[in-house]
Structures are given as structure tokens and as C-alpha cells.
Amino acid sequence: MDNKIFTWGASTSAYQIEGAWNTDGKGPSIWDAYCGESGRIQHGDSGDVTCDHYNRFKEDVGLMKEIGLQAYRFSISWPRVLSDGTGAVNTKGLDFYDKLVDELLAKGIDPLVTLFHWDYPLHLQDRGGWLNADSPKWYADYVTTVAQKLGDRVEKWITFNEPQVFINEGHLNDFHAPGLQLSLRDTLRAGHNVLLAHGLGCQVIREHATKPPKIGWAPAGKTYAPASDKPEDIAAAHQMTFGVPNKDLFNDPWWSDPVVHGHYPEAGIQRYGDAMIDFDPADMQTICQPLDFFAINLYFCECKVKAGPNGPETIPYDGNKPRTMMNWPITPEVLYWSTKWNYERYQLPMIISENGLACMDWVQEDGAVHDTQRIDFYSAYLKQLKRAMDEGVDMIGYYAWSLMDNFEWSQGYRQRFGLIHVDMDTGTRTLKDSAHWYRNIIATNGEEL
Ligand code: GCO
């Protein structure tokens with residue numbers, strides 16, 4: 001890639017890989033509770049043990065080094081650091097991240113810390129969770145604790161991962177923890193508190209981190225693809241992407257417009273109508289903090305869109321469309337359109353904080369994992385990223401999802417997203433062919449795509 005400061009990495013999140021769910025004083029999270037409810041997770045799986053990264057992190061950092069990763073994005077489990085969510089620090093839990101950061105730096109791998117990737121402290125959920133007016137302050141106190149401990153060595157921070165998913169899917173649609181079906185109005189209230197938490201989080205990182213921090217956040221990019229290169233189809237797809245077309249919170253502008261521009265998008269206020277919440281206008285000053293980068297998680301385009309006589313018309317992908325094991329359509333152009341449009345709209349250096357696919361992987365008779373489809377996927381997607389960069393998008397990093405197979409939320413272990421295969425019974429790690437391929441891509445800075 002042309003950009004000299006482009007960083008190649010891979011991502012994980014705490015609940016998906018750490019295990020050790022009740023070790024060394026860790027408190028329960030909403031995901032611990034959710035997995036305990038029968039029927040929630042495929043095959044009754046849970047993250048209780050998963051990759052056991054908590055105990056095997058040195059081995060895992062060694063594998064990162066073997067792949068040649070320049071950076072590693074991981075998240076911090078809030079209830080591991082503060083068992084009750086607030087109050088006394090669980091020193092052993094915080095020490096785990098301290099050791100992880102040291103291990104990464106010793107191997108020359110840059111840590112990118114996600115402060116919240118969905119495993120919310122259960123004790124705070126019992127106090128109303130994101131609906132509680134104190135919830136932004138709870139988050140800021142937690143972030144302060146982490147920034148004071150790691151902020152002398154960590155440079156890059158992400159405040160939240162995919163607010164769309166944990167708020168919309170967890171609070172409106174009952175598909176993720178905490179498994180609620182709130183009214184749209186209450187969901188908007190919870191979302192507003194998350195935005196306030198983001199703003200306060202930025203402030204306390206800048207206050208307490210001694211290494212000058214670079215801060216961003218990582219929404220899920222919901223992107224619609226133009227059905228053709230005609231300008232009117234491109235405009236129609238752009239309108240669907242940024243126009244808040246549905247009465248839910250799974251869209252980009254509702255979240256990122258306040259964070260970067262300091263106001264909710266008018267299209268959303270119109271769409272939500274009577275459900276729209278009242279709030280103190282001063283909140284927007286808290287929410288809209290200077291950011292150093294804009295991260296985004298990208299996997300696929302929703303559908304194609306063309307211009308019709310009465311506005312954008314959606315064209316679903318048909319049965320002939322290649323799909324991943326998640327049944328997500330393979331649409332490399334998502335990396336082009338989404339980065340281009342989000343860069344135009346938000347004007348911040350961009351990071352792909354997640355991109356990848358679940359394949360049908362297993363350790364084959366020769367002891368290797370020949371995931372040729374993953375290699376083809378990454379190759380096609382990265383070419384589209386290069387296309388966006390060639391057209392001027394300021395990309396500073398790319399993080400594959402995921403470093404290793406892990407607990408895929410409601411889908412349990414049947415979806416394998418890793419560059420590294422993990423046998424969940426034995427913990428054995430095997431580098432997939434894609435990991436070897438990625439090592440070469442990193443070593444040649446994308447020249448051999
Ligand atoms: C998300 C999360 C990850 C997922 C990944 C694959 O985007 O849902 O950030 O935790 O595991 O995206 O679904």
C-alpha cells in the first residue's frame with residue numbers, strides 16, 4: 001500500500017477469546033449471563049473457556065509475531081478490570097492487560113485497545129445499564145482506570161465497537177445480550193448515553209494517558225452498493241447508506257454524525273418521529289470530541305441499489321451470489337464504497353478495524369488448514385481498499401477479523417473467522433494457509449496482492 005504509515009494487523013475481542021470467565025476476581029458480564037440462558041446460543045456454547053487466551057496469551061503473541069503482524073487490536077473486559085463495573089479495581093484482572101501490552105511491545109507489535117466490545121458488567125446492567133443516566137460516568141471511570149494503567153505504553157484507543165450491534169441487536173431486537181426488546185424511544189435513550197460515554201471516554205483518555213493518544217471509534221459499516229456505475233445509481237446507494245432508511249438504529253450516520261459533526265442527522269430525526277428523545281443541547285459538545293482516526297468494521301454490502309422514479313430501489317443479492325458461512329454475500333466493493341464515502345463525510349484518517357469471513361475450515365489430513373477461499377476473499381477485498389486509497393482515501397491501517405477462531409456470539413463456535421485455527425477442545429492452534437499468505441502480504445506491504 002502506498003501510504004507509508006499503513007499498519008497491518010488483526011483483531012479479536014475479550015469475550016470471544018479470553019475464557020477465564022470467573023478467574024482471578026473477574027465479575028460477570030451480560031454475555032456470561034446471556035450464554036447461561038437456554039436456547040440463546042447455538043449448540044449451547046458459551047465463552048467460558050473459548051481460546052483460553054487469558055492463560056495462553058504468550059503463545060498467541062508468539063503466533064502473531066510468526067505471522068508478522070505489525071499491530072494487534074484487542075478489547076478489554078470491563079468486568080475483569082472492575083468486578084462490579086464501578087468501585088474497587090480488580091488488580092489481577094488489570095494486570096493481565098498490563099502483561100499483554102508488555103508482551104506485544106517486546107515483540108514489536110503495536111497494541112490497539114478497544115475499550116468496549118460488548119461484555120458489559122452484569123452488575124451495571126442490573127442497575128439499568130445504558131438506560132441509567134449515570135452510565136456515561138461509569139464508563140468514564142472505567143476508562144480512567146485503564147488509561148492510568150496502560151496509557152504510558154498504548155498509543156491507539158477505540159472507545160466503542162459497533163454501537164449499532166450492542167444497542168440495536170441487544171436492546172431493540174433481542175438477538176444479543178442483554179436480550180432486551182425496548183421501545184424505539186428507550187433504545188434511542190440508551191444510544192444517547194453510549195454517545196455521551198464515548199465523549200467522556202475521549203476526554204479522560206486525553207487527561208490520563210501519558211503517551212500522546214490517538215483516539216477513534218469503530219462503528220459497523222452498513223453499506224449499500226450501487227447497482228451500476230451510473231451517477232444516479234451511485235447517488236441512490238449513497239442516500240440509502242446515509243439516509244436512515246429504517247426505523248431502527250442499525251445505520252451509520254445516527255452514530256457517527258454526532259461523534260464527528262456534533263449533531264444527529266436530520267434524516268434520522270424525521271425517521272424516528274415521535275420516538276425521538278429530548279436531550280440537553282450541551283450533550284453534543286461532550287459527544288463531539290476531536291478524533292485522530294475513524295475505524296470501521298466492514299464485511300459486506302446489504303444489497304444493490306438503483307435510482308428509481310420514486311427514489312432508491314433496493315435489489316437483493318440472489319441465490320447465485322457467493323456467500324460466506326455466515327450467509328453474508330461476498331462483496332469486495334464494500335471496502336471501496338464505504339471507505340470512500342465515510343472519508344468524504346467525516347474527513348478523518350481511516351482504519352479498517354475488522355474484515356474477514358467465516359469459512360468451513362478444519363485441520364486436514366496433512367495437518368494443515370487449506371482455506372483457499374479466505375485467501376481469495378482477502379485478496380479481492382484488499383484490492384478494493386487499494387482502489388479507494390488510489391483515489392485519495394487516507395487509510396492508515398487494516399485489521400483482519402480475526403486473529404484466531406473464536407466464540408462468534410449467538411452463533412457459538414460453528415463460525416470460524418480466524419487466520420489461526422483453534423481446536424476448542426484441546427486449545428491447539430494451527431496457522432491456516434491464509435495466515436501464511438497474510439505474512440507475505442504484510443512483508444511486501446501489499447505489493448503482491
Ligand atoms: C462484529 C464484532 C465481532 C464479530 C465479527 C464477525 O462485527 O460483530 O465486532 O465481534 O465477531 O464481526 O461477526
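Predicted model: local features only at pLDDT ≥ 70, side-chain atom pairs only at ≥ 80, totals over all residues.
Residues are numbered from 1 along each chain as its sequence is written, and side-chain values use heavy atoms, with hydrogens and water left out.

I then followed D174 to R40, which it meets in a salt bridge at 2.9 Å, N to O (a side-chain nitrogen of Lys or Arg within 4 Å of a carboxyl oxygen of Asp or Glu). The pair links distant parts of the chain, 134 residues apart, with D174 in the loop between α8 (163-172) and α9 (184-208) and R40 in the loop between α2 (30-36) and α3 (53-67); helices are DSSP runs of H or I with at least four residues, strands runs of E with at least two, numbered from the N terminus. R40 is partly exposed, at 24%.

Next I checked D361 and R374, whose side chains form a salt bridge at 2.8 Å, N to O. D361 lies in the loop between β10 (350-354) and α15 (372-390), and R374 in helix α15. I recorded D361 as buried at 10% and R374 as buried at 0%. Salt bridges with shared partners join D361, D371, R374, D405, R416 and K432 into one network.

Last, I noted that the structure holds 26 salt bridges, among them that of D32 with K26, with closest N and O atoms 2.9 Å apart.

Key. Buried < 20%, exposed > 50% of the residue type's maximum accessible area, 1.4 Å probe, protein only.
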